[in-house]
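Subject: Structure for you to look at

Hi,

Here is the structure I promised to send over. Have a look at it first, then read on for what I found.

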Amino acid sequence: MKQIVNWVKDYKWFLAIFLLGAAIRLFLIHIVPPGLNQDEASIGYDAYAVLHYGIDRNGYYNPIHFIAWGSGQNALYAYLSMPFIYLFGLTPLSVRAVSIIFGIIGLLVFYLLFTRIHHNKLFALLGMFLLAISPWHIMMSRWALESNLFPSLVLIGVLLLYTSFEKNKWFPAACFVFALSLYAYGTSYFFVPVFLIIAVGYALFFKRLKIKQLILGIAVFIVTSTPILLFVLINRLKLASIDLGLFTIPRLTGTPRFDQVSSVFSGNMLQQGIENFKKFIVMFLKQDDGLIWNSLPPYGFLYIFCIPLLLIGLGKAVYSLKDRRWNHEFVMLAWFISAIAMAFITDVNINRINIIYIPSIYFVATGVWVLRKKFAATFIPIVAAFAICFVGFTNDYFTKFPDKVSSAFFESLGDALQYATNETDGKIAVTNTVNMPYIFALFYEKTDPKVFQDTVQYVNPDSPFQSVSSFGRYYFTDERENDQQISAFVIPNSKISQYQGGEFKLETFKHYSVAVRHANSDETAELNASELNIIKDSSFESEDGAWHFTGNSGIGTNRPVTGSNLAYLDIGNENIISQQLTVEQERTYTFSAFVSAGGDGGKIGIKVGNTVLAEMNIPYEYDYLSLSQEVTLSANEPIEVYVIGGNGWVNVDDISLTLMK
């Protein structure tokens with residue numbers, strides 16, 4: 001026990017930083033990010049299908065690369081996910097477990113890498129601290145994009161490479177990890193060979209690697225990477241798929257993804273490469289690619305002020321090469337240079353060029369360390385500045401980010417699909433406003449891939465991104481022709497008014513609703529009265545004076561939920577819209593509306609005189625949300641329905657007050 005206590009005392013800062021990094025990657029992981037991205041659903045479902053049925057959704061047995069949408073999806077992440085899917089079932093969290101674990105392991109590996117290079121624990125703590133608080137690494141660790149696995153594997157490979165330069169027996173293990181990374185993301189096909197040629201060539205020049213271990217490592221690399229090399233050749237040369245018994249190497253139905261995002265195979269390679277690099281420079285300096293799931297402005301990959309520190313660290317590493325002797329930082333420099341070279345051949349965004357960020361963080365730490373050695377007084381203020389920015393990022397990530405990414409991750413679609421599945425055994429129509437909606441139906445229903453294979457109807461079967469019109473009892477359409485055959489509709493909330501009335505029972509979630517067709521006409525007739533909206537001109541389509549507008553409020557046409565109009569309120573609680581009315585029955589009613597806002601603070605409610613009977617806060621959300629609340633009203637008592645402006649513009653449409661069923 002005493003030894004444990006002494007170890008904790010000796011490594012208290014290591015434990016504090018590691019636990020901080022682990023905590024920020026685990027906190028509220030079940031709800032942030034909300035919902036599920038289509039690529040997560042794809043990798044998760046195919047992992048589930050291969051685990052339980054031996055084939056992916058395209059019918060291939062243990063494929064070394066998934067066909068997925070048609071242009072391919074790397075399979076390593078899926079195979080690593082299988083133990084978690086087996087233990088916990090197919091859920092967003094079980095699919096994200098691999099990212100979480102590799103994100104946390106990466107903190108430890110980064111610390112060990114610093115100790116290998118510099119043999120300085122304080123420097124290593126600084127490096128681990130910067131990776132622990134990196135917005136890019138935190139966000140990457142919390143969702144299941146398969147490319148996010150690539151930098152983590154390369155980090156492990158680089159640590160093993162450094163270890164092998166001291167103990168050559170580790171070189172085959174390093175080669176195995178680098179070969180394995182070829183199954184993680186398509187950009188590895190360029191990066192890994194370029195990096196290894198530079199790094200291993202440097203080690204050979206300084207006689208840090210024996211020929212015997214070099215040959216053994218190359219053999220391990222070739223054996224491990226041969227299947228993925230065959231995959232590339234098959235799809236470049238348009239050959240037939242190969243069944244090797246234990247696994248298959250598939251021919252994709254469309255142009256391979258590694259062709260689509262690369263300029264290597266284009267006719268104007270030089271010109272396209274220059275354009276790619278210009279785009280990369282802008283993105284790298286801004287630390288933002290415009291994709292909210294990759295970067296949360298204004299924080300970037302390691303906060304905006306890190307670029308000068310990065311340049312100082314790079315400058316120090318380059319300058320030290322003049323000594324013409326073994327330089328421990330050369331491998332990290334080779335990593336950074338190889339990633340830069342990849343920017344020429346790739347149409348970049350943050351996840352496509354994600355291999356550059358770990359060496360970037362390394363050189364930021366080096367820049368901070370150089371300043372500490374030259375100007376000791378700068379160290380604490382710089383670290384404090386990073387810590388303050390981290391607090392700001394953490395607050396925004398857990399409070400603002402979920403709303404910003406909510407629609408892109410199709411939050412509540414899973415709830416709507418599961419509700420529809422449980423409510424009816426009949427046919428279900430799912431909105432096409434979702435990106436590849438069929439994959440979400442497969443994911444949440446856990447469909448047998450053989451059933452999918454037997455029943456799927458593709459709109460464009462030879463496309464790189466195959467759209468599905470139907471499979472099994474699911475149809476993917478927003479059209480209502482011949483809809484009497486459909487028992488339930490999964491729709492965006494913006495289309496809910498098309499299904500109001502006695503024909504359907506409606507269940508509303510955050511962004512999506514389910515309209516379930518009633519079983520018989522008697523039930524329909526009974527419900528007609530209960531769904532009659534008491535509010536006049538609920539969609540602001542007429543000019544009968546039902547609504548009273550105060551301040552900067554009025555009727556707009558820019559973005560209605562239904563019809564042609566909506567009501568708007570500018571910033572400020574002095575801007576109000578209201579309607580006076582009475583109800584005929586003393587009953588409990590459902591009060592609801594669709595709202596969107598450029599800031600929080602707005603309110604919508606019902607009051608009698610100065611007594612508020614029901615009130616809902618209008619959140620900051622660009623996409624329309626459906627708000628709903630129950631309220632008990634007295635017969636023939638004058639009530640006022642009101643909407644009050646807040647800290648940003650407010651749009652409101654389709655306000656309703658109906659008897660509760």
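Predicted model: local features only at pLDDT ≥ 70, side-chain atom pairs only at ≥ 80, totals over all residues.

**The α2 and α5 pair**

With that convention, α2 passes α5 in a right-handed crossing. On the α2 side the contact is made by Phe14, Phe18, Gly21, Ala22, Arg25 and Leu26, and on the α5 side by Ile100, Gly103, Ile104, Leu107, Leu108 and Tyr111. By type, the residues of this contact divide into 9 nonpolar, 2 polar and 1 charged. As for the geometry, the axes of α2 (residues 12-26) and α5 (residues 92-118) come within 9 Å and cross at roughly 160°. Angles over 145 degrees count as roughly antiparallel, and α2 and α5 are therefore roughly antiparallel to each other.

**Around α9**

The axes of α9 and α10 are 9 Å apart, and the two helices pack at an angle of about 155°. This pair is therefore roughly antiparallel as well, α9 to α10. From α9 come Phe171, Phe178 and Ser181, which meet Ser188, Val192, Phe195, Leu196 and Val200 of α10. The residues of that contact divide into 6 nonpolar, 2 polar and no charged.

**The cores**

Phe195 turns up again here. The largest nonpolar core has 171 residues, and the ones with the most contacts inside it are Phe195 and Phe386. Leaving aside residues up to four places away in sequence, Phe195 touches Val158, Leu161, Phe178, Val331, Ala334, Trp335 and Ser338. Another core lies apart from the largest one; it has 31 residues, including Ile535, Trp547, Ala597 and Leu659.

Phe398 and Leu28 are 370 residues apart in sequence, yet their C-alpha atoms are 8.3 Å apart in space. Phe398 lies in α17 (residues 379-399). It counts as buried because its relative accessibility is 14%, and the cut-off is under 20%. Not counting residues up to four places away in sequence, Phe398 touches Ile24, Phe27, Leu28, Val32 and Arg142.

Pro33 lies in the loop between α2 and α3 (38-53). Another is the bond from Pro297 to Pro298, which is cis with omega near 5°. Pro298 is found in the loop between α13 (269-286) and α14 (306-319).

Then there are positive phi values in residues other than glycine. Ala68 has phi near 55° and lies in the loop between β1 (65-66) and β2 (73-74). Ala68 counts as buried, at 1% relative accessibility. Ser412 has phi near 80° and sits in the loop between α18 (401-406) and α19 (413-423). Ser412 is buried too, with a relative accessible area of 8%.

**A buried threonine in a loop**

Last one: Thr447 lies in the loop between α20 (437-445) and α21 (449-455). With 10% relative accessibility, Thr447 counts as buried. What does Thr447 touch, not counting residues up to four places away in sequence? The partners are Tyr45, Ala441, Leu442, Phe452 and Phe471.

Over to you now.

Cheers

Terms used. Residues numbered from 1 in each chain as written. Heavy atoms only, no water. Axes fitted to C-alpha atoms, helices over the stretch in contact; angles between N-to-C directions. Helix = DSSP H or I, 4+ residues; strand = E, 2+ residues; numbered from the N terminus. Parallel < 35°, antiparallel > 145°, perpendicular 65-115°, else oblique. Left-handed = near helix turned anticlockwise from the far one by under 90°. Contact = heavy atoms within 4.5 Å. Nonpolar A, V, L, I, M, F, W, Y, C, P; charged D, E, K, R; others polar. Core = buried A, V, L, I, M, F, W, Y, C linked by side-chain atoms within 4.5 Å. Buried < 20%, exposed > 50% of the residue type's maximum accessible area, 1.4 Å probe, protein only.
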